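I opened this structure to look up its charged pairs, a pair of helices and a surface patch. My notes are below.

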Amino acid sequence: MFNHLSAVHALLRPGRLLLASSQRSLTAARRLILGAMEPAAVRCLPGEPKLTISFRLDGTNKQMLRDQDEALGKVLARITNGIAKSQGKAKKSKKNNKGPPRQSPEPAAVKLYYEGQEVSDAVPNSEAWQDGAVLQVGDVKYAIRRNAPTFTAAELPVSLLAEFPVCPNLEIEFGNLQDCEFIWFRENPPNASPEAAGEPPHGDGGWTEVGRGRVHVPSNQDIGHRLKLHCIPKDSTRAGPVEELVSAGAVEAGPGVCTFDNRHAYTLKEAEWPAVRVVTYNVLADVYAQTELSKTVLYPYCAPYALQLDYRQNLIKKELAGYNADIVCLQEVDKAVFSDSLTPALDAFGLDGVFRIKEKQHEGLAMFYRRSKFQLLSRHDIVLREALTSDPIHSVLLERVSANSALMGKILQRATVLQVSVLEDLNKPGRKVCVANTHLYWHPKGGNVRLVQMGVALQHLSHVINENAPGAPLLFCGDFNSSPNSGVFQLLRETAVPLQHNDWRSSGPEESISMELLSAFPPLLSACGQPAYTNYVGGFHGCLDYIFIQPDSMQVEQVIPLPSHQEVTTYEALPSVAHPSDHIALICDLRWNP
């Protein structure tokens with residue numbers, strides 16, 4: 001949507017006409033004139049065969065897709081013909097209504113000017129439609145903005161809760177989201193003025209301004225009212241066509257106190273270099289939360305609305321934003337949740353992210369990192385079963401596991417993935433860290449499968465570090481579905497699992513195997529220790545989630561306390577109206593040796 005006043009405001013900055021040089025004064029004057037016109041957007045990129053011309057005429061949005069090498073005259077003729085057809089339809093409608101006869105109006109003159117000169121009809125479109133040109137359609141003039149900042153996607157979340165951040169999903173072309181301007185409005189009650197409601201009279205008729213900035217946190221005063229967002233796309237020097245977004249529904253009351261509110265008291269500020277704040281969290285995929293099994297067997301104590309994705313996403317986004325983390329590893333992330341919810345929300349809080357989906361699944365792993373502190377150098381994700389059977393570095397393990405065809409068959413059925421990212425410290429270029437994230441096989445009797453999966457993961461991680469980041473420490477996060485007395489935990493902490501370990505026989509004699517498994521790393525440390533539980537549901541509670549570090553490179557500076565048992569069980573178990581997942585996030589500050 002184009003907004004004339006906003007365009008004028010964006011182009012009229014104080015002091016623009018007070019420049020010393022006459023050339024600059026002339027340019028400024030031209031911009032002032034253009035700013036008083038209606039805007040017209042032209043998108044024209046080298047290498048693309050087409051360009052688009054967008055403008056608003058007689059209350060209707062017009063968008064033309066034309067060849068770049070086409071002569072300008074054909075486009076102007078097309079606009080002229082379109083106006084004539086519209087006038088013809090209006091005349092016919094008037095005749096049918098038996099109104100008084102009217103003389104046919106003269107066809108509107110359609111011309112394009114650049115720097116005061118009319119552009120020849122023979123000039124190709126790619127050269128004719130320059131930034132700053134003027135399109136004249138009858139008495140209406142349009143300021144041409146070529147490749148101006150433009151939102152290519154813009155929408156508000158469906159569910160809005162008071163005291164929970166609202167983060168629009170935005171994509172921009174030719175601009176920067178950090179430069180854009182955002183103004184939030186609350187809908188006024190019918191027949192009520194802002195002054196009558198005790199609010200400042202900033203708004204546009206039925207709306208009152210309530211905030212500015214990319215992220216808005218509705219207050220309790222907003223409950224029952226819709227929100228509107230006025231978005232002005234910008235880069236460092238220009239503004240583009242304005243977008244207005246209106247929420248589908250009204251702001252609703254939030255749940256009150258959540259399990260993570262007290263934890264946020266420990267994470268009000270970002271960790272200071274060389275400390276790094278790390279989060280790992282299984283956020284409960286919607287594809288699992290919405291099954292009949294989940295609603296009736298796994299989480300029967302949870303209110304149905306609290307299992308809905310839109311509701312849980314409000315809580316997850318507020319929880320993650322409040323941790324002010326530098327590295328966030330998430331499991332059970334729905335593909336659409338990553339792209340449409342978490343990415344725009346966490347981007348607004350300074351985090352970039354990468355995603356790895358499970359094969360033939362709708363959920364996977366996500367890793368976010370603070371872009372002011374890290375840059376992503378490379379990714380080395382694998383499907384564990386594929387790596388086991390195809391990468392020669394696993395040949396010894398493959399030979400041993402293949403001795404039991406039943407166990408091998410079960411391993412090959414699992415689509416478990418390992419997400420691996422090499423990050424570089426922007427505060428100290430050349431210093432790297434290898435961040436690994438995984439979600440191991442879930443079955444309670446799958447200890448043998450998880451051991452093999454972890455064996456593959458560690459060997460792959462060692463290879464990645466040796467080849468791509470020699471000397472870089474390993475930061476290994478995830479839902480390992482393994483308790484502290486498991487073989488997986490022993491492999492990580494003690495570097496070896498003996499052949500007589502119970503987990504080799506966890507799924508019965510047909511799938512049992514006896515082998516010694518060695519880690520490719522020295523002993524790792526569980527940064528958050530061994531909590532009583534990180535997963536708490538009606539029929540089970542236990543410690544399944546971990547952040548493992550190499551203690552010779554990183555030391556634990558702070559572990560954020562978990563919610564109290566009373567907080568966890570306020571609504572019997574997890575998830576609940578106050579907690580969005582059946583798992584609990586682990587958060588710690590790590591001092592990375594400079």
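These entries start with the ground rules and then go through the contacts.

**Ground rules.** I am working on a predicted model, where local features need pLDDT of at least 70, side-chain atom pairs count only at pLDDT 80 or more, and totals for chains, interfaces and linings use all residues. Residues are numbered from 1 along each chain as its sequence is written, and side-chain values use heavy atoms, with hydrogens and water left out.

**Salt bridges.** How many salt bridges does the structure hold? I found 26. I counted a salt bridge where a side-chain nitrogen of Lys or Arg is within 4 Å of a carboxyl oxygen of Asp or Glu. Side chains of opposite charge can pair when their charged atoms come close.

I looked up Arg-43 and Glu-48 and found their side chains in a salt bridge of 2.9 Å, N to O. Arg-43 is partly exposed at 27% relative accessibility. Glu-48 is partly exposed too, at 31%. Here buried means under 20% relative accessible area, exposed over 50%, and partly exposed in between (1.4 Å probe, protein chains only).

Next I checked Arg-238, which meets Asp-235 in a salt bridge of 3.5 Å, N to O. Asp-235 is buried at 19%, and Arg-238 is partly exposed at 26%.

Then I turned to Glu-270 and Arg-370, which form a salt bridge of 3.4 Å, N to O. Glu-270 lies in the loop between helix H5 (261-264) and strand E14 (275-282), and Arg-370 in strand E17 (residues 363-370), so the pair ties together parts that are 100 residues apart in sequence. Helices (H or I, at least four residues) and strands (E, at least two) are DSSP runs, numbered from the N terminus. Is Arg-370 buried or exposed? It is buried, at 5%. Glu-270 is partly exposed at 36%.

I also noted a network of salt bridges that links Glu-181, Glu-209, Arg-212 and Lys-234.

**Helix pair.** I looked at helix H8 (residues 309-322) against helix H9 (residues 335-348). They pack at about 30°, with axes 10 Å apart. Axes are lines fitted to C-alpha atoms over the stretch in contact, and angles run from 0 to 180 degrees between N-to-C directions. Which residues of H8 meet H9? They include Leu-309, Ile-316 and Leu-320. On the H9 side I listed, among them, Val-337, Leu-342 and Leu-346. Contact means heavy atoms within 4.5 Å.
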